[in-house]
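Hello,

Here is the structure I promised to pass on. Please open it first, then read my notes below.

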Amino acid sequence: MVNEWIFANEKNVGEIREEFPILQNKINLVGNDSPVDLIYLDTAATAQKPLQVIEAMSCYYREQNSNVHRALHTLGETATALYEGTRAKVQSFINAEYRHEIIFTRNTTESINLVASSFGSNLGPEDEILLTEMEHHSNLVPWQLLSERTGCKLKFIPINEHGELELDKLDELLTKKTALVGVVHISNIFGTINNIKLIIEKAHFLDIPVLIDGAQSTPHMPIDVQQLDCDFFVFSGHKLYGPMGIGVLYGKEKFLEKMPPYMGGGDMIRSVKLTGSTWNDLPWKFEAGTPNVGGAAGLGSAIDYINELSFDSICSYENMLTKYAGKLLSGIKNIKIYGPAENRSGVFSFTHNDLHPHDMAQFLDRFGIAVRAGHHCAQPAMRKLKVSSMARASLSFYNTRSEIEYLVEKINAAGEYFNNGI
Ligand SMILES: *Cc1c(COP(=O)(O)O)cnc(C)c1O
């Protein structure tokens, strides 16, 4: 039974759920008399936060708030230690070789913009960036902007109808002109876990660096950037049970050292004259202005929380839940589920033959079920599959089998409700 599932910190799912304040709240639905339980199935958009993350941030603002790196006073040193302490936690969380290879940004989007802008600054019309057809807009639009600015060309690894990369095309697409490969680790639409190890190996054979969009993978599987041997790896704190407003760019020292600053301002300089400046060392060269120290406090606490749960427990529980959801959802009449049947994460995008995804999401919302509907920030992939919109349910270790059963019951009810033309 699911409530008997024990995580590495010796807590069962019920106890884990109690650590997430928002999951205890009832939600008041418009037009409903009594509030209902929240069934949160939108973790792929943002994860809920455990109490200790909320408290770490509250504690920071109540007891530790001060600017970092500049102050000689005690509070300033405390804040600096906290901020740099989170950098050390991130370093060991993804097993980076050096602490200065961890750059704090606002989110995945900003991390990719930083790389596109800085790494991409000396590209020209002869150069190509190889992406995939399943990228999130964040790993597409920054490269389009770069292409407009420098004339570099964008190429794409195609996807098939199961939302998988056609990797047999890779050898042909990787050429001497390829300046960088950018690929999503786990698709936020299909749940596909991409074979990035193979892509990295093939790219490195031609000395081409690879950027991995880890927004969906960092919360659900252990990441070892040295073992993957990727050159850039990016993710967002808020999808990792941490706060919004802090994200990470990991980059290999040899690239970051050579790359010019992305933004100018305080903290990123060594010396400033009116006519020119020299840059600070890594990682601060890329961290202009006052950083999000409160966010770092929350992110550090989120990493502690995940480590306590352990990825062993998280992965086995989430795999069990994903298999269960896959089985139950594929049994529903009139819906089509996208993405691969095997080797996938707990992201389930689907369409219903008889009703629009927005109607589906609104119907489910009446029962407190939070799913997403829309293009999931990946319009090209949707276009390729000839759908304009999908509903999406995404899972986490704080979800239960009974929540999935409830989802399935209500998807069925939605079909009947709309079919009866009420
Ligand atoms: C959410 C997401 C992003 C963007 O993350 P932000 O936090 O909005 O910057 C990028 N890629 C994938 C795969 C995502 O799921």
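Where is Lys252 found? Lys252 sits in the loop between strand S10 (247-251) and helix H10 (253-258). Helices (H or I, at least four residues) and strands (E, at least two) are DSSP runs, numbered from the N terminus.

Some ground rules. This is a predicted model, where local features need pLDDT of at least 70, side-chain atom pairs count only at pLDDT 80 or more, and totals for chains, interfaces and linings use all residues. Residues are numbered from 1 along each chain as its sequence is written, and side-chain values use heavy atoms, with hydrogens and water left out.

Back to Lys252. Its relative accessibility is 14%, so Lys252 counts as buried. Buried means under 20% relative accessible area, exposed over 50%, and partly exposed in between (1.4 Å probe, protein chains only). Beyond its neighbours within four places in sequence, Lys252 is in contact (heavy atoms within 4.5 Å) with Glu101, His204, Asp229, Cys230 and Asp231.

Now the whole chain. The protein chain has 15 helices and 17 strands. Of its 422 residues, 56% count as buried. Take the contacts with a separation of 6 or more: residues 24 or more positions apart account for 70% of them. Along the principal axes, the C-alpha atoms fill a box of roughly 75 × 55 × 35 Å.

What radius of gyration does the protein chain have? The protein chain has 22 Å, which agrees with a compact globule of 422 residues, because such a globule would have a value near 22 Å. The radius is taken over C-alpha atoms, and the globule rule is 2.2 Å times the number of residues to the power 0.38.

Best wishes
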